[in-house]
Amino acid sequence: MKKILTILSISLLIISCGQNDTKSIDKIIEDGNLQAIRAKRTEIAAKQQAVADQLNQLDEAIASLDSVKKLPLVTTITAKDTLFNHYLELQGNVETKKNLVLYPEMSGIMTRVYVKEGQKVSKGQLLARIDDGGLGQQLSQVEVQAQLAKTTFDRQKRLWEQKIGSEIQYLEAKTNFEAQQNVVNQIKRQLAKTTVNAPFSGVIDDVITEQGSVVSPGQTELIRIVNLDDMYIETEVPERYIPSVTVGKNVEVHFPVLGKTISTKIRQVGNYINPNNRSFMVEVGIPSNGGTVKPNLTAKVKINDYTNEKAILIPQSIISENAEGDQYTYVTSGKDGQNVAEARRVIVKTGKTQGDLIEITEGINNGDAIISEGARSVKDGQKVKILN
């Protein structure tokens with residue numbers, strides 16, 4: 001109360017002096033006496049310096065008596081148990097086992113193409129035909145010979161069963177029939193190579209070779225067929241994640257080009273470690289998503305390799321390290337009515353990180369008040385002022 005009265009008295013004195021000085025200053029200026037004006041300025045400057053000295057004395061007295069003003073100013077955050085899902089971030093490409101380029105099995109002219117690009121086809125459907133080079137006529141001839149051989153064999157068989165004729169005649173007829181049948185089957189197999197059939201149901205993505213072109217087995221690409229019903233992403237995972245990356249783990253797949261994210265699971269984990277980069281392959285199944293997801297599309301893969309249902313997460317920026325290599329931070333305790341508390345340094349052990357946050361496994365309990373802003377300017381056991 002005494003401090004307030006003193007300040008008010010000085011303020012009133014300054015105001016009253018200012019009013020009187022204004023009147024006298026106006027009169028002196030009207031007189032136009034330069035010497036008097038300079039004398040009045042010197043007088044006012046002396047009064048101003050005296051008031052400034054008094055204010056400095058009051059500030060020093062307030063600073064010596066106000067202990068709260070000297071305390072470091074900090075803010076705190078409260079440690080809370082929360083669900084923590086850690087994700088291993090990788091990159092992969094969309095693949096499909098049903099993305100196939102068909103090649104001819106025999107040489108010749110591709111006489112007919114029965115499909116066009118974008119057409120849906122079913123398994124076994126005829127896609128194209130190659131000139132058989134006379135195999136069809138040969139098949140007709142050998143089928144006639146095979147039929148004659150069968151008739152001869154049937155007659156010899158009936159005679160042999162009736163004990164008529166010799167055994168050698170029966171065996172010759174049987175051998176001739178089987179040989180002719182083998183010739184028929186062989187030509188049929190050769191003739192089957194003149195047709196190109198769909199190995200699975202899908203969509204004709206590209207007709208590469210046009211009708212009338214000469215094709216060669218294993219060299220000429222004919223048709224690309226694609227099925228988007230069974231797509232997946234292959235990605236390489238470092239070997240240190242073998243215990244945590246297993247079949248059934250949750251995965252988030254983001255397609256930057258499409259701006260879409262889907263949730264899926266790991267469906268297969270490789271059993272081979274690549275010696276060149278010490279990694280193993282992981283296969284993640286994905287839906288076609290209405291046909292927008294296509295083979296060779298780039299994707300960002302986030303595998304949930306660790307989950308803690310009661311994790312304590314704090315910003316990494318408030319973690320410090322001492323000369324012994326121990327990590328520590330500050331918590332507050334004993335806060336009073338003026339938000340004054342004691343800062344206490346605690347050694348912590350950390351776990352996994354995610355973005356700007358780090359998991360605390362030891363040293364901090366649920367509900368602890370952790371110093372965030374101002375943590376670098378406090379010491380162990382020091383009183384601080386909390387500004388929350």
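Two strands count as paired here if DSSP finds at least two bridges between them. Keep that in mind as you move through this predicted model.

Start by selecting β12, residues 231-238, together with β3, residues 81-96: the two run antiparallel and are joined by four bridges. Zoom in on isoleucine 233 in β12, and you'll find valine 94 standing opposite.

Next, show the side chains of the largest nonpolar core, which has 22 residues. Ile233 turns up again, as one of those touching the most other members, along with Val237, Val245, Val253, Phe255, Ile286 and Ile303. Colour by strand: β3, β12, β13 (250-255), β14 (260-269), β15 and β16 (298-315) each put in at least two residues, and β15 gives the largest share, with four.

Click on phenylalanine 255. Beyond its neighbours within four places in sequence, its contacts are Val94, Ile233, Lys260, Ile262, Ile286, Val293, Leu297, Thr298 and Ala299. Another core, of 17 residues, lies apart from the largest one; pick it up by selecting Ala128, Ile130, Val215 and Leu222, which are among its members.

Last stop: the second largest pocket, with a volume of about 200 Å³. Eleven residues line this pocket, and Val203, Asp205, Val226, Leu228 and Lys294 are the closest to its centre. Colour the lining by residue class and you get four nonpolar, three polar and four charged.

Technical notes: Residues numbered from 1 in each chain as written. Predicted model: local features only at pLDDT ≥ 70, side-chain atom pairs only at ≥ 80, totals over all residues. Heavy atoms only, no water. 1 Å grid on protein atoms, 1.4 Å probe; cavity = no way out; pocket = protein on both sides within 12 Å on 5 of 7 lines; lining within 4 Å. Points joined across faces, edges and corners; volume = space filled by probe spheres on them. Nonpolar A, V, L, I, M, F, W, Y, C, P; charged D, E, K, R; others polar. Core = buried A, V, L, I, M, F, W, Y, C linked by side-chain atoms within 4.5 Å. Buried < 20%, exposed > 50% of the residue type's maximum accessible area, 1.4 Å probe, protein only. Contact = heavy atoms within 4.5 Å.
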